[in-house]
Amino acid sequence: MSTDESSRFVRLRVELVLEISDSGKLTGAAVDRIDGDGSLHDDERGHARTSVSSDAAEALAYLVDPLDVVREVPGVELTQASWSSEQIDYDPASREWDLDDDSEDD
């Protein structure tokens with residue numbers, strides 16, 4: 001692939017830290033999405049329900065679609081996407097979480 005061809009592609013990295021303020025609502029929304037997904041077979045649906053009911057990060061990952069980030073952006077087409085969600089230890093006062101700090105290591 002030439003430089004001209006490869007320059008058409010851009011990797012957009014986004015990192016979000018979210019506070020789950022109501023895990024019941026989050027889980028309920030994920031279960032509703034699962035129940036409305038006609039492409040899932042019953043065994044897949046059961047597994048998905050169990051996953052989102054036992055882990056808020058799984059529920060969030062089930063509800064987030066990277067396509068939504070760029071769906072309305074003119075002139076771009078999503079070529080590839082991947083995402084994950086995990087529970088983390090978060091301390092907003094920690095320098096580790098300072099988004100304004102451009103340095104990687106001290």
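Trainee: Is threonine 27 buried or exposed?
Mentor: Bear in mind that this is a predicted model, in which threonine 27 has its place in helix α2. Its relative accessible area is 18%, and because the cut-off for burial is under 20%, threonine 27 counts as buried.

Trainee: Which residues does threonine 27 touch, not counting residues up to four places away in sequence?
Mentor: Threonine 27 belongs to α2, and it is among the α2 residues that make the contact with α3 and among those that make the contact with α4. Once the residues up to four places away in sequence are set aside, threonine 27 touches Val52, Ser53 and Ala59.

Trainee: How are α2 and α3 oriented to each other, roughly parallel or roughly antiparallel?
Mentor: The axes of these two helices come within 9 Å and cross at roughly 170°. Since an angle over 145 degrees falls in the antiparallel class, α2 is roughly antiparallel to α3.

Trainee: How many charged residues does the contact of α2 with α3 have?
Mentor: On the α2 side the contact is made by Thr27, Ala30, Val31, Ile34 and Asp35, and on the α3 side by Arg45, Ala48, Arg49, Val52 and Ser53. Sorted by class, this contact has five nonpolar and two polar residues, while the number of charged residues is three.

Trainee: Which residue meets arginine 49 in a salt bridge?
Mentor: Side chains of opposite charge can pair when their charged atoms come close. For arginine 49 the N to O distance in its salt bridge is 2.5 Å, and the pair links distant parts of the chain, with arginine 49 in helix α3 and its partner in helix α2, 14 residues apart. The residue that meets arginine 49 is aspartate 35.

Trainee: Is isoleucine 34 buried or exposed?
Mentor: Isoleucine 34 has its place in helix α2. Leaving aside its neighbours within four places in sequence, isoleucine 34 is in contact with Leu40, Arg45, Ala48, Arg49, Val52 and Tyr62. Its relative accessibility is 0%, and isoleucine 34 therefore counts as buried.

Trainee: How far apart in space are isoleucine 34 and valine 52, C-alpha to C-alpha?
Mentor: These two residues are in contact, although they lie 18 residues apart in sequence. From C-alpha to C-alpha, the distance between isoleucine 34 and valine 52 is 9.4 Å.

Trainee: Is the crossing of α2 and α4 left-handed or right-handed?
Mentor: α2 and α4 pack at an angle of about 50°, with their axes 9 Å apart, and that angle makes α2 oblique to α4. The contact is made by Leu26, Thr27, Ala29, Ala30, Arg33 and Ile34 of α2 together with Ala56, Ala59, Leu60, Tyr62 and Leu63 of α4. The crossing of the two helices is left-handed.

Trainee: At what angle do α3 and α4 pack?
Mentor: In this pair, Ala48, Ser51, Val52 and Ser54 of α3 meet Ala56, Glu58, Ala59 and Tyr62 of α4, and the residues of the contact divide into five nonpolar, two polar and one charged. The two helices are oblique to each other, their axes being 5 Å apart and their packing angle about 120°.

Trainee: Which residues of α4 are buried?
Mentor: α4 is mostly covered, with six of its eight residues buried, and what covers those buried residues includes α2 and α3. The buried residues of α4 are Ala56, Ala57, Ala59, Leu60, Ala61 and Leu63.

Note on methods
Residues are numbered from 1 along each chain as its sequence is written. This is a predicted model: local features need pLDDT of at least 70, side-chain atom pairs count only at pLDDT 80 or more; totals for chains, interfaces and linings use all residues. Side-chain values use heavy atoms; hydrogens and water are left out. A salt bridge is a side-chain nitrogen of Lys or Arg within 4 Å of a carboxyl oxygen of Asp or Glu. Helices (H or I, at least four residues) and strands (E, at least two) are DSSP runs, numbered from the N terminus. Axes are lines fitted to C-alpha atoms, for helices over the stretch in contact, and angles run from 0 to 180 degrees between N-to-C directions. Angles under 35 degrees count as roughly parallel, over 145 as roughly antiparallel, 65 to 115 as roughly perpendicular and the rest as oblique. A crossing is left-handed if the near helix is turned anticlockwise from the far one by less than a right angle, and right-handed if clockwise. Contact means heavy atoms within 4.5 Å. Buried means under 20% relative accessible area, exposed over 50%, partly exposed in between (1.4 Å probe, protein chains only). Ala, Val, Leu, Ile, Met, Phe, Trp, Tyr, Cys and Pro count as nonpolar, Asp, Glu, Lys and Arg as charged, and the others, Gly among them, as polar.
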